[in-house]
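Reader: I have a structure open and want to learn how its parts pack together. Can we go through it step by step?

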Number of protein chains: 2
Amino acid sequence: MARQERAIRTRRVILEAAGAVFDEHGYTATTISMVLERAEVTKGALYFHFPSKESLAQAVLDVQIPLGAVPPQPCKLQELVDVTFVFGRRLLHNSLLKGSVRLAVDQCAPPGVDHSGPFRQWADHLVVVLEQARDQGELLPTVEPRQTVELLVGAFAGVQLMSRALTDRADLAERISVLWGHLLPSIAVPGVLTGIDRDPDRGLRVLAAIGESDDEQADLDLFCR
Amino acid sequence: MARQERAIRTRRVILEAAGAVFDEHGYTATTISMVLERAEVTKGALYFHFPSKESLAQAVLDVQIPLGAVPPQPCKLQELVDVTFVFGRRLLHNSLLKGSVRLAVDQCAPPGVDHSGPFRQWADHLVVVLEQARDQGELLPTVEPRQTVELLVGAFAGVQLMSRALTDRADLAERISVLWGHLLPSIAVPGVLTGIDRDPDRGLRVLAAIGESDDEQADLDLFCR
C-alpha cells in the first residue's frame with residue numbers, strides 16, 4: 001500500500017473511532033487515550049493527523065455535509081426531502097455521524113471548536129437546492145429560500161434529538177415524514193406537493209437504489225483525503 | 001420567617017444556582033462544590049434538599065412546563081403560539097430555564113437522570129391545548145393533535161438550539177415566528193389562520209400584559225414547594 005494511501009486509511013480509522021467515542025461520552029469526557037484505544041493506532045499517528053482534541057472534534061464536526069449526499073432528482077424539493085431521509089437513515093448506523101451530530105448539539109464544545117459550523121454549512125448547502133427548486137417553479141411565491149432552509153435545519157436538528165431521547169432514533173424516519181407533512185404545504189405549489197414521496201421508508205429506498213446497504217458505512221474516502 | 005418558608009427559599013436558591021452552573025458547564029463538568037459556591041448555602045442545606053447531583057439535575061429538568069405558563073386565550077391555537085414565544089423570551093434571561101434546556105438537549109445525562117422527560121412532559125401538556133383547539137373547530141380535519149404537538153416540541157427544541165449556536169438566542173423570536181409561519185397553514189382553518197398573532201415581539205407583549213418584565217425571573221414559588 002502506498003504511503004499516502006496508508007495515511008488516508010489511518011486518518012479515517014482515527015476519525016471513525018473519535019466519532020464513536022464523542023458519541024458515547026461527549027466532548028468533555030472524551031480523552032485522546034480513549035480514541036487511541038478504540039482506533040488501535042499509535043499516539044504518533046494520531047498526533048500526526050490531529051494535533052489536539054479540539055482539531056479532532058473539528059474534523060468530526062466537518063463530516064456531515066458529505067454524508068447527506070443523495071442522487072440528484074428532477075424535482076429539487078424531492079431531492080431536499082431525500083437529503084433528510086438519507087441523513088436520518090445513515091444516522092442510525094454511522095458512529096462518526098452520530099458523534100458529529102452530538103458535538104453540534106451539545107453545548108460542551110470549548111472556545112477552540114466551532115460547533116455551530118454544521119448549522120451554517122447545512123444551510124449554505126441546502127439553500128442552493130431550494131433556489132433550484134424556486135427557479136423550476138416548484139415553490140410558492142411566499143417562500144424565502146434562506147429562511148425556509150434555516151428553519152428546516154433547525155427543526156431537523158430538534159426532531160432527531162427528540163427521536164434519540166425517546167426511542168434511540170427508532171422512530172426518526174416517521175418523525176421526518178411528519179415534519180415534511182407539516183412543512184411542504186407552506187413551501188410547494190399544489191402540483192408539486194402531491195408528487196413528493198415522503199414515506200418513512202424513502203431513505204431506505206434511495207440508499208438501496210445507489211447500492212448502499214444499512215450495514216455499510218457510507219464511503220468516507222471522499223472527505224478524508 | 002417561618003421554618004418552612006425558609007426551606008422553600010433555600011431550595012429555590014439552590015435550584016437557580018444549579019441551573020446556572022449546568023447551563024455554563026454541562027452535566028459532566030458540574031460539581032456539587034460549584035453549585036454550593038454559587039448558591040452560597042451550606043453543604044448540609046444542599047444535601048437536605050438534593051441528596052445527589054442526579055437529583056439536582058432531575059429537579060432542574062422538571063422546571064420547564066411551569067415556565068411556559070401563559071394567560072388563557074379564546075383562540076387555543078393562539079395560546080399554543082404564545083407558549084412558544086413566552087418560553088423563548090424567558091429562555092433569554094432565566095438561567096434556571098437555560099440550564100434545564102441544556103440538560104434536556106445534551107446527551108451527557110447519566111442513567112439515573114431522565115433527560116427525555118421535558119420532551120414527554122411538553123407533548124403531554126400541549127396536546128391538551130391542541131385538542132381544545134380541535135374541539136373549537138380551529139384545526140384542519142387532517143390534523144392529528146399528538147403528532148402535530150410532538151413535531152412542534154421537537155422542532156422548537158432544534159430551532160432554539162440553532163439560535164443559541166448562531167446568535168446566542170438573539171434571533172430566537174424571529175425563528176419562532178418563521179416556524180409558525182411554516183406550520184400554521186398545515187394546522188389552522190383559514191378563518192383562524194389569519195387572526196393568529198405570530199409577530200416576533202408577541203412574547204414580550206404577552207409578558208408585559210401580565211406585568212412580567214425581562215429583568216424579573218418568573219415566579220418559581222409555584223413549583224419549588
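This is a predicted model: local features need pLDDT of at least 70, side-chain atom pairs count only at pLDDT 80 or more; totals for chains, interfaces and linings use all residues.

Reader: Are H5(A) and H8(A) roughly parallel or roughly perpendicular?

Author: H5 covers residues 76-93 of chain A, and H8 covers residues 145-167 of chain A. Their axes come within 12 Å and cross at roughly 30°. Angles under 35 degrees count as roughly parallel. So H5(A) and H8(A) are roughly parallel.

Reader: How many charged residues are in the contact of H5(A) with H8(A)?

Author: H5(A) brings A:Leu80, A:Thr84, A:Phe87, A:Gly88 and A:Leu91. H8(A) brings A:Leu152, A:Phe156 and A:Gln160. By class, 5 are nonpolar and 3 polar, and the number of charged residues is none.

Reader: How is H4(A) set against H6(A), roughly parallel or roughly perpendicular?

Author: H4 spans residues 53-61 of chain A, and H6 spans residues 95-105 of chain A. The two axes come within 8 Å, crossing at roughly 110°. Angles of 65 to 115 degrees share one label. H4(A) is therefore roughly perpendicular to H6(A).

Reader: Which residues of H6(A) meet H4(A)?

Author: By class, this contact has 6 nonpolar, 2 polar and no charged residues. From H4(A) come A:Ala57, A:Val60 and A:Leu61. On the H6(A) side they meet A:Leu96, A:Gly99, A:Ser100, A:Leu103 and A:Ala104.

Reader: What area is buried between chain A and chain B?

Author: Each chain puts residues into the contact: 37 from chain A and 37 from chain B. Carbon and sulfur atoms give 65% of the buried area. The total is about 3200 Å².

Reader: Which residues of chain A lose the most area to chain B?

Author: Three residues stand out on this side. Together they make up 22% of what the chain A side buries. They are A:Gln107, A:Met162 and A:His182.

Reader: Which residue of chain B forms a salt bridge with A:Arg175?

Author: Between chain A and chain B the count is 2 salt bridges. In the one formed by A:Arg175, the closest N and O atoms are 2.9 Å apart. The partner is B:Glu150.

Reader: How many residues apart in sequence are the parts tied together by A:Asp82 and A:Arg202?

Author: The whole structure has 30 salt bridges over all chains. The side chains of A:Asp82 and A:Arg202 meet in a salt bridge, N to O 2.7 Å. A:Asp82 lies in helix H5 and A:Arg202 in helix H11 of chain A, so the pair ties together parts whose separation in sequence is 120 residues.

Key:
Residues are numbered from 1 along each chain as its sequence is written. Chains are lettered from A and ligands numbered from 1 in the order in which they are written. Side-chain values use heavy atoms; hydrogens and water are left out. Axes are lines fitted to C-alpha atoms, for helices over the stretch in contact, and angles run from 0 to 180 degrees between N-to-C directions. Helices (H or I, at least four residues) and strands (E, at least two) are DSSP runs, numbered from the N terminus. Angles under 35 degrees count as roughly parallel, over 145 as roughly antiparallel, 65 to 115 as roughly perpendicular and the rest as oblique. Contact means heavy atoms within 4.5 Å. Ala, Val, Leu, Ile, Met, Phe, Trp, Tyr, Cys and Pro count as nonpolar, Asp, Glu, Lys and Arg as charged, and the others, Gly among them, as polar. Buried area is the accessible area (1.4 Å probe) that two parts lose on being put together, summed over both. A salt bridge is a side-chain nitrogen of Lys or Arg within 4 Å of a carboxyl oxygen of Asp or Glu.
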